[in-house]
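Colleague: Could we go through this model together? I would like to begin with the sheet.

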Amino acid sequence: MKNYGLATVAEFLGDWVLYRNLQPCEARLPRLEQIRSQLSLPNNQIPRKSEREYAQIVVQFLKHAYHLEELGGKIERLIFVGDTRLLDGAAFMNLCAAGEWPGIAFIGAETHQPTEAQITAVGASQTIYQTNRWASLPDFDQFCRAQGLPVEQGAAVVIDLDKTTLGARGRNDKVIDQARVQAVQETVAHLLGSAFDLAAFRAAYLPLNQPEFHPFTSDNQDYLAYVCLILGFGLYSLEELTADIRSQRLTSFEQFILQVEERRSELSPELARIHTEIYRCVQAGDPTPFKSFRRREYLTTMQRFGCLSEDEPVERYLEQEIVITHEVRKMALEWRERGALLFGLSDKPDEAALPTSELAAQGYLPLHHTPTHAIGEI
Ligand SMILES: [Mg+2]
């Protein structure tokens with residue numbers, strides 16, 4: 001593994017990036033509202049990555065981007081690069097269906113022993129290429145050509161950002177999670193002030209983050225941060241909460257926040273204010289309702305971008321920085337050179353990826369424009 005120096009995601013993706021709100025970073029693209037009305041989709045909801053509507057919207061952006069880049073002809077095939085078989089696999093299939101394109105997806109996740117790539121036909125003309133080496137991207141490129149889907153003019157390449165382009169799964173992904181957990185902890189500590197108890201916070205966060213409680217938390221980190229805040233304040237005890245979930249007296253987060261709403265008068269004024277803000281967002285269907293937590297996550301994430309000096313051992317970057325996957329960067333640059341369209345998708349909430357106007361005035365940049373080290377095998 002080698003350090004290839006500082007780079008940015010924008011070096012190869014430019015502003016062809018969509019974060020969770022599906023509002024394009026590139027100013028020349030139409031706004032989400034326009035795309036939704038063209039597709040006759042309901043105008044108040046932001047579909048999630050695995051949903052059909054998400055793919056329908058992204059396909060429209062891809063077509064606009066391909067045209068704006070003046071690449072010639074039109075999109076004839078879809079290439080996808082991601083890190084999770086289920087979620088990225090579903091997004092890939094939906095994109096191919098919405099665009100009526102054949103396609104091939106690369107799914108990478110590094111494990112110790114390199115093994116042969118697993119190739120699975122998942123549709124009439126859709127294939128998933130699953131591998132445990134990010135360094136097998138050049139083999140994947142050859143595979144695409146051999147399948148008659150060369151990555152050049154006529155190809156749209158959709159590249160996942162989270163744990164693919166940044167914080168590669170199996171190699172550097174834990175640092176992304178550390179940034180998020182630190183943000184939850186700091187947000188709760190800040191709101192509880194002297195009442196914050198770190199040991200109690202950990203004792204609540206760690207078990208509630210486990211799959212056993214996903215039916216309750218929907219594996220939503222905003223919900224989990226809010227639950228930890230309410231527990232830290234002492235409105236409920238952890239034992240009481242877990243017993244209620246296990247006995248199914250409490251089956252959803254929505255039910256929990258409604259119970260807190262009914263006991264609102266027992267909260268401190270500061271906590272009541274935050275609770276109301278989150279409660280309103282949840283009522284409005286916002287999947288990222290805890291805005292102050294996500295803004296703090298932007299900062300804890302930025303702290304891990306390019307934070308180490310040069311000439312550190314490679315392992316140290318992988319442990320402490322969120323780094324660019326050099327294999328993805330190198331392949332992407334080559335694909336762009338060959339005339340393919342590159343487009344980045346991220347499931348990160350916009351609040352955790354883009355600076356507020358105050359921070360932008362201080363020089364903070366969007367995640368994809370912030371330099372960090374590029375590390376990789378090739
Ligand atoms: Mg990912």
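Modeller: This is a predicted model. Two strands are said to pair if DSSP finds at least two bridges between them. With that rule, seven strands form an open sheet in the order β2-β9-β7-β3-β4-β6-β5, and the pairing is mixed.

Colleague: Which are the edge strands?

Modeller: They are β2 (17-18) and β5 (118-123), each of which pairs on one side only. Strand β2 is joined by two bridges to β9 (residues 341-345), and these two strands run parallel. Within β9, Leu345 is the bridge partner of Leu18.

Colleague: Which strands does helix α3 lie across?

Modeller: Helix α3 (residues 52-68) lies across β2, β3 (77-82), β7 (155-160) and β9, and runs at about 145° to β9. Helix α5 (residues 137-146) lies across β3, β4 (103-108), β5 and β6 (126-131), running at about 165° to β4.

Colleague: Turning to α9, why is it described as largely enclosed?

Modeller: Eleven of its 13 residues are buried, so α9 is largely enclosed by the rest of the structure. Among the buried residues are Tyr223, Leu224 and Cys228.

Colleague: What is found at the ends of α9?

Modeller: Asn220 caps the N-terminal end, with a side-chain oxygen 2.8 Å from the backbone nitrogen of Asp222. Just after α9, Gly234 takes a positive phi of about 100°.

Colleague: Is Cys228 buried or exposed?

Modeller: Cys228 is buried, with a relative accessible area of 4%.

How values were computed:
Residues are numbered from 1 along each chain as its sequence is written. This is a predicted model: local features need pLDDT of at least 70, side-chain atom pairs count only at pLDDT 80 or more; totals for chains, interfaces and linings use all residues. Side-chain values use heavy atoms; hydrogens and water are left out. Buried means under 20% relative accessible area, exposed over 50%, partly exposed in between (1.4 Å probe, protein chains only). Helices (H or I, at least four residues) and strands (E, at least two) are DSSP runs, numbered from the N terminus. A polar contact is a pair of N or O atoms within 3.5 Å; within protein, one must be able to donate a hydrogen and the other to accept it, and residues adjacent in sequence count only if both atoms are side-chain atoms. Contact means heavy atoms within 4.5 Å. Axes are lines fitted to C-alpha atoms, for helices over the stretch in contact, and angles run from 0 to 180 degrees between N-to-C directions.
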